Amino acid sequence: MTEAFGFAAFAVNEELQSFTFERREARTGDVVIDILYCGVCHTDLHIARNHGGYTTYPVVPGHEIIGRVRQVGAEVSRFAPGDMVGVGCMVDSCQHCQPCLKGWEQDCVERPTFTYASTDRHDGTPTFGGYSDMIVVSEKFVLSLPSGLDPAGAAPLLCAGVTTWSPLHRWNVGKDSKVAVVGLGGLGHMALKLAKALGADVTLLTRSSGKNEDAFRLGADHVVLSSDPEQMAELAGRFDVIIDTVPYDHDVNPYMATLALEGVLVLVGYMGPLGTPVNAGGVVQGRRAISGSFIGGIAETQQMLDFCGKHNIVSDVELIPIQKIDAAYERLLKSDVKYRFVIDMNSLNF
Ligand code: NAP
Ligand code: ZN
Ligand code: ZN
C-alpha cells in the first residue's frame, strides 16, 4: 500500500478535512500519478453532501484529474515517468460486456469502477478521488494530455468536457446544426465551446440575467433568458439538439417546445424523477425525443482531448487552494462559478 494525502468529506454537514489514507499497491498494468490539478464537478458536491442518499463516508471527491506520471508497472506500454496525463470519472470496468466492447465503459453492465466512492473490482479496496496528492490507475483508463494545453484548464475536460462532447458527437452536431445549451456552469460552458468549435449555431438558455457577455465570449451566438416566456416562445421549433445540464429537478416541457422536427433533448445534469410530467404530445408531434448521456467512453475521451488539443480548447477556470473547497461548493449552489473551480494540488503542502 502507498500512503496518500488529500481532503475528504466525513459527514454530510461537515466541511471537508485533511485525510491520510492508503492507495492500493501498483499492479503491473498500473500507472502511478502525482496529481497537479483537479476540477470541481457539481457531482463532487452531490456526493460529498449525500444528495442521492447513498454516500459512504469518508469520501475523497474529484474526477477531473491532471497529473504527471511518477512510475509505471512492467506491463505498461503507453506511458513513461514524466508524461502529463489525465484521469476522469472511471478507473476500471469489466472489459468484456457489450458496452465495454463497444468502448462505452461508462455503461458497463457490471458497472464501471468509479474514480471515487466506488470499490476496486480486483481487491475490494475503496476508491478515493483526485482531491489528493497521487493516484494509482490501470493504464487503460489513463488519458494522454495533448501538448500545448494548459494543464489546469484541461482538468475539467476529463468530466465536463467529455460529458458534453459525447452527446454532441452522438447526435452528429456540425456546421448545419442548431444547438441549445441549458445552464451555464461547468458542463454548460464546455458545451458552448465544443458545439461552437464543431461549427454549430449555438444558443444558451439560462435562468441568470448576468451571463450574456461571458456566454458570447465562450461561443454562444444567442442568449435567451429561460424564465421569460416571450423569449422562449420565439424559439419554437428551432433546435436540433438541446444539452440540458441543470443539476436539479426542473420542468423540461418549455425546452421540448423549442425542438425542431426530430430534435432531441439530451439530459446530462439531473438524474432523479422529474416532478413535472413530460407532455407526451410535445414528443409525439414533430418526432421529437428525450435522451440522456452519461460521461463518455475512454476512447471517446481521448478523441475529445485530441480535438481540444487541435483547437486549443480548455475550460475557463478559477484556481483555488484545497482549503477553499467548501466555499467553492457554496458558490456552485448559487450558480456563481466562472466556469469551473480547479484545485491547485500544490496547496496540499500549505
Ligand atoms: P454547475 O457548474 O453548478 O452548473 C449548473 C448550471 O445549471 C448553473 O450554473 C445554472 O446555470 C443552472 N442551474 C443550477 N441550478 C438550477 C436550477 N435549480 N434550475 C435551473 N437551472 C439551474 O454544475 P456542473 O458541474 O455543470 O454539473 C451539472 C450537473 O451535471 C450536475 O448535476 C452534475 O452532477 C451532472 N453531471 C452529469 C454527468 C453525466 O455524465 N451525465 C457528468 C458530470 C456532471 P444558469 O445560471 O446559466 O441557469
Ligand atoms: Zn463530473
Ligand atoms: Zn463491462
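Author: A polar contact is a pair of N or O atoms within 3.5 Å. Keep that cut-off in mind for ligand 1. This is a predicted model.

Start with Ser 208. An N or O atom in the side chain of Ser 208 is 2.5 Å from an oxygen atom of ligand 1.

How much of ligand 1 does the protein bury? Taken alone, ligand 1 exposes 920 Å², and the protein buries 92% of that.

Now the shell. There are 28 residues around ligand 1. His 42, Thr 206, Ser 208, Ile 295 and Arg 340 come nearest. By type, the shell divides into twelve nonpolar, 13 polar and three charged residues. Two elements give two or more residues to it: helix H1 (42–48) and helix H5 (186–197). H1 gives the most, with three residues.

Next, the zinc ion that is ligand 2. Which residues coordinate it? Cys 41 (SG), His 63 (NE2) and Cys 159 (SG) do, at 2.0 to 2.3 Å. Along the chain, these donors follow the spacing C-x21-H-x95-C. Cys 41 and His 63 link distant parts of the chain, 22 residues apart. Cys 41 is in the loop between strand S3 (30–40) and H1. His 63 is in the loop between H1 and strand S4 (65–72).

Last, the zinc ion that is ligand 3. Cys 94 (SG), Cys 97 (SG), Cys 100 (SG) and Cys 108 (SG) coordinate this ion, at 2.3 to 2.4 Å. What is the geometry of the site? It is tetrahedral, with angles of 105 to 119° among the four donor atoms. In sequence, the donor residues are spaced C-x2-C-x2-C-x7-C. Cys 94 and Cys 97 are both buried.

Definitions and conventions. Residues numbered from 1 in each chain as written. Chains lettered and ligands numbered in written order. Predicted model: local features only at pLDDT ≥ 70, side-chain atom pairs only at ≥ 80, totals over all residues. Heavy atoms only, no water. Near = heavy atom within 4 Å. Polar contact = N/O pair within 3.5 Å; in protein donor to acceptor, adjacent residues only side chain to side chain. Areas by Shrake-Rupley, 256 points an atom, 1.4 Å probe, with all protein chains shown as cover. Helix = DSSP H or I, 4+ residues; strand = E, 2+ residues; numbered from the N terminus. Nonpolar A, V, L, I, M, F, W, Y, C, P; charged D, E, K, R; others polar. Donors = N, O, S within 2.8 Å, 3.2 Å for Na, K, Ca; no water. Tetrahedral: all angles 85-135°; square planar, octahedral: opposite > 155°, others 65-115°. Buried < 20%, exposed > 50% of the residue type's maximum accessible area, 1.4 Å probe, protein only.
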